[in-house]
Amino acid sequence: MTIEEILNRYAEGKRSFQRVNLREVDLQNAHFHGVNFNQADLRQARLGKTDFSRASFREADLSEALLCGTDLSEADLDRAILREADLSGAELSYANLERANLSKATLGGANLVRARLFRANLFDANLHSTSDQATDLSHAIFSDADLCYANLSGAVLYRANLNGAKLCRAHLNRTPQQGMKSTDLSEANLRGADLSYADLTGAILRKANLRDADLTGAVLTDAELQGAIMPDGSVHD
C-alpha cells in the first residue's frame, strides 16, 4: 500500500490498516489519531512528529523507526517491537507498552508519565535526560521490566513502580553535564528490584521502597536516602 493510498483512505474515514507493509515509509508530520496499525511492518519508517495519539500498534514491528517528537499518548503498543527505535522527545503519556521490546531504543526527553511498561524489554535503552528536557517517567509502571544497562541518568521516576524490575548495571546517576539534575526516584517502588552494580551516584531516593532489593555492588555515593525503606526493612534516617 502506497503513502497516497494510506492518506486517502484515512481521509475517507478508514482507520484499520492491520498487517500493512509500510517498511521505510515517510509519514512525518502526518495525522493518524486513533489508527489501527496492529501487526504492521513499520521497520525503519520515518514517523517523526506524527500524531498517533490513541493509535494501536499491538505486535507491530517498529524496529529502527524514527519517532522523534511523535505523539503516542494513550497509544496501545502491547508487544510492539521498538528495538533501536528513536523516540527522542516523544509523547508517550498513558501509553501501553506492556511486553514491548525497547532494547537499545532512544527515549531521551520523552514523556512517559503514567505509561505502562509491565515486563517490557528496555535492555541497554537510552532514557538519558537531554539538556533541554528531562525524561519524565513519573508514575510509570515498570514492574518486572528489563532495564539492565539502561541509561536513566537525570530522569524523573517520581513514584514510578519498578517492583521486581531488572536494573543491574543501569545508569541512574547524576550527570556531569551543566544544568542536569539528579535522577529522581523519590517515593518510587523498587521492592525486589535488581540494582546490582547500578550507578546511583547522587540519586534522589527519598521515601523510596527498596525492601528486598539487590544492592550488591551498587554505587550510592551522595544518594539522598531520607525516609527510604532499605532492603532489610529498616527506614533510613
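**Cysteines, core and cavity**

Tutor: Searching the whole structure turns up zero disulfides, a disulfide being a pair of cysteine sulfur atoms within 2.5 Å. This is a predicted model, where local features need pLDDT of at least 70, side-chain atom pairs count only at pLDDT 80 or more, and totals for chains, interfaces and linings use all residues. Residues are numbered from 1 along each chain as its sequence is written, and side-chain values use heavy atoms, with hydrogens and water left out.

Student: Ok. Is C168 buried or exposed?

Tutor: C168 is buried, with a relative accessible area of 17%. Buried means under 20% relative accessible area, exposed over 50%, and partly exposed in between, using a 1.4 Å probe and protein chains only.

Student: And what's the relative accessible area of C68?

Tutor: C68 comes out at 30%, which is partly exposed.

Student: Switching to the core: which residues touch the most other members?

Tutor: L122, L167 and L190 do, in a largest nonpolar core of 77 residues. A nonpolar core here is a set of buried Ala, Val, Leu, Ile, Met, Phe, Trp, Tyr and Cys residues joined through side-chain atoms within 4.5 Å.

Student: What does L122 touch?

Tutor: Not counting residues up to four places away in sequence, its contacts include L102, L107, F142, D146 and C148. Contact means heavy atoms within 4.5 Å.

Student: Tell me about D146, then. What is D146 in contact with?

Tutor: Leaving aside neighbours within four places in sequence, D146 contacts A120, N121, L122, F123 and K166. D146 counts as partly exposed, at 21% relative accessibility.

Student: How about L62, buried or exposed?

Tutor: L62 is buried, at 1% relative accessible area. L62 touches L42, L47, F57, L77, I81, L82 and A85, again skipping residues up to four places away in sequence.

Student: Last topic: how many cavities of 30 Å³ or more are there?

Tutor: One. On a 1 Å grid over the protein atoms alone, a cavity is a set of points where a 1.4 Å probe fits but cannot get out, and lining residues have an atom within 4 Å of a point. The largest cavity holds about 40 Å³ of space, where volume is the space filled by probe spheres set on the points, joined across faces, edges and corners.

Student: Which residues line the largest cavity?

Tutor: F142, L147, L152, L157, L162, L167, L172 and L185.

How values were computed. On a 1 Å grid over the protein atoms alone, a cavity is a set of points where a 1.4 Å probe fits but cannot get out, and a pocket is an open set with protein on both sides within 12 Å along at least five of seven lines; lining residues have an atom within 4 Å of a point.
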